[in-house]
Amino acid sequence: MTDVVLIGAGIMSATLGAMLRRLEPDAAITVIERLDSAACESSDPWNNAGTGHAGLCELFYTPQRPDGSIDTAKAVRVNEQFQVTRQFWAYAVENGLLEDPRDFVYPIPHVSFVHGAEGVDYLRRRHHALADNPLFAGTDFITDFGEFAARLPAMATGRNPDVPMALDWAPHGTDVDFGALTSQLIGYGVRHGTAVHFGHEVRSLRRESDASWTLVLANRRTGETRRLNAKFVFVGAGGATLGLLQRAGIPEARAFGGFPIGGVFLRCGAAELTAAHRAKVYGAPVPGAPSTTAPHLDARMVNGASWLLFGPFAGWSPKFLKHGRASDLPRSVRFDNVRSLLGAGIRERELVGYLLGQLRRTHGTRVEALREFLPGADRADWHEIRAGQRVQVIRDGQLDFNTTIVSAGDGSIAGLLGASPGASTAVPAMLEVLARCFAGRFADWLPTLKEMVPSLGTRLSEEPALFEQVWEWGSRTLQLN
């Protein structure tokens, strides 16, 4: 018998487990992971772009309305969420949950990039729409080619200076190694009594009469099975979450479907290039492409080494996990979601066409796409790596590119579906899980939660003095000044 089971040893379970360990030091917490170590799927640093998503540079968060105005609501919401995550990381460093912040988070400019007169006009209007919000203060709008070349010399080399271009430069962005972060949070839990079972897979979940859950676990090395009873279950298993919630049989998971989209990046470690590009630079998605495939050229720090990453290019597989099974997609089709899946297939014909086009790409055509950002790119310097699988939520016949928390009415089980903005909003997502599933204890936990997140319950965009206070504290503690 255990109090809490966390399925999946990724950033979501790691964050929830660390929070619960602080809130309930004596709770029995167990982590179940089908692979042999933590953060081997989407949280691995090479399975994601490492962007601390704060809406600073991602143009798909600020769409243009039909009247030409810019909708900033999602960018502000994502930034608010990242501020919550950032505060928790600072708290975690101060209180020993995390070690040296430079092991997992690094300061890096976040930059929006456009070219052509129409793109420049859009970016200028976007910059002005966000300029008065304190969360977006301090950004520079740049159209001068000389300034562009001074800040991004690798991108300027070989580019025609007569073609209009613009940058929106936010100096206070972050690059995050979510794998290292996850491993440290899991390690903190283990040091304080959390049990972790690697190489074990959840085969079934059954609700008992007392509202607890019995899980059947299989050791993937030996085939041995065992049962584990838990008062509360959180499913933070990435693409496997949907299937586990379906097996649990909770009505709240009915009608949900999933569509897997893989990713391929180009990676370069050449010292002269990594030294000449120190930013995360985002462009706009191509027409018909999912918003999560907006091209970006990123400086990365992984295991202390500097890299450049460009992409993503969409791939496809019926697997719901990078280390999943080809039967994942067909097994997810149920009587209650087939109509929604068919409806999404009809509505998203443009997306299907885009994916087919992506599958026909060669290394040469991917390097050609890179040259829109890096005109002088030499294909010999760049190598392809396969990123993690993302399972987009399908609900009511529509693809949903956000993250969604699904929980049972009695709060005994919850899971997180979806992909974007994902890891960057792990803390607000897990706070929502706590509020939903531990409603009877949440009020008692509030003093400790406010230590973890001093702005809890406040919109920082409406409280500039508080924002400045927590921002300075976080920047100092996380060594991001």
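Trp316, Leu356 and Leu359 form a nonpolar patch on the surface of the predicted model, with about 290 Å² of accessible area together. Patches are made of residues with over 30% relative accessible area and no salt bridge, with like charges joined within 9 Å and nonpolar side chains (Val, Leu, Ile, Met, Phe, Trp, Tyr) within 5 Å. Accessible areas come from the Shrake-Rupley method with a 1.4 Å probe, and for residues only the protein chains shown count as cover. Leu359 lies in helix α11 (residues 349-359); helices (H or I, at least four residues) and strands (E, at least two) are DSSP runs numbered from the N terminus. With a relative accessible area of 48%, Leu359 is partly exposed, where buried means under 20%, exposed over 50% and partly exposed in between (1.4 Å probe, protein chains only).

Residues are numbered from 1 along each chain as its sequence is written. In this predicted model, local features need pLDDT of at least 70, side-chain atom pairs count only at pLDDT 80 or more, and totals for chains, interfaces and linings use all residues, while side-chain values use heavy atoms, leaving out hydrogens and water.

The structure holds 15 aromatic pairs. Rings of Phe, Tyr and Trp (its six-membered ring) pair if their centres lie within 6.5 Å; planes under 30 degrees apart count as stacked, over 60 as edge-to-face and the rest as tilted. Phe232 and Phe438 form an edge-to-face pair, at 4.8 Å centre to centre and 65 degrees between the planes. Phe232 belongs to strand β11 (residues 225-235) and Phe438 to the loop between α13 (426-437) and α14 (439-452), so this pair ties together parts that are 206 residues apart in sequence. Relative accessibility is 3% for Phe232, which counts as buried, and 8% for Phe438, also buried. The rings of Phe438 and Trp445 make a tilted pair, with centres 5.4 Å apart and planes at 45 degrees; Trp445 is buried, as is Phe438. One aromatic cluster is formed by Phe113, Phe145, Phe148, Phe310, Phe313 and Phe373.

The structure also holds 20 salt bridges, each a side-chain nitrogen of Lys or Arg within 4 Å of a carboxyl oxygen of Asp or Glu. Glu147 and Arg151 meet in one of these, at 2.6 Å from N to O. The two residues are four apart in helix α4 (residues 145-151), a separation of about one helical turn. Glu147 is partly exposed at 30% relative accessibility, and Arg151 is partly exposed at 26%. The charged end of Arg151 also sits over the ring of Trp169, 5.0 Å from its centre; this requires NZ of Lys or CZ of Arg within 6 Å of the ring centre and within 35 degrees of the ring normal. Arg86 lies over the face of Trp471, at 3.6 Å from the ring centre.

A salt bridge joins Glu384 and Arg366, with the closest N and O atoms 3.0 Å apart. This pair links distant parts of the chain, Glu384 being in strand β16 (residues 383-386) and Arg366 in helix α12 (residues 363-370), 18 residues apart. Glu384 is partly exposed at 36% relative accessibility, whereas Arg366 is buried at 9%.

Seven of the eight residues of helix α7 (residues 241-248) are buried, so the helix is largely enclosed by the rest of the structure. Gly249 follows α7 and has a positive phi, near 75 degrees.
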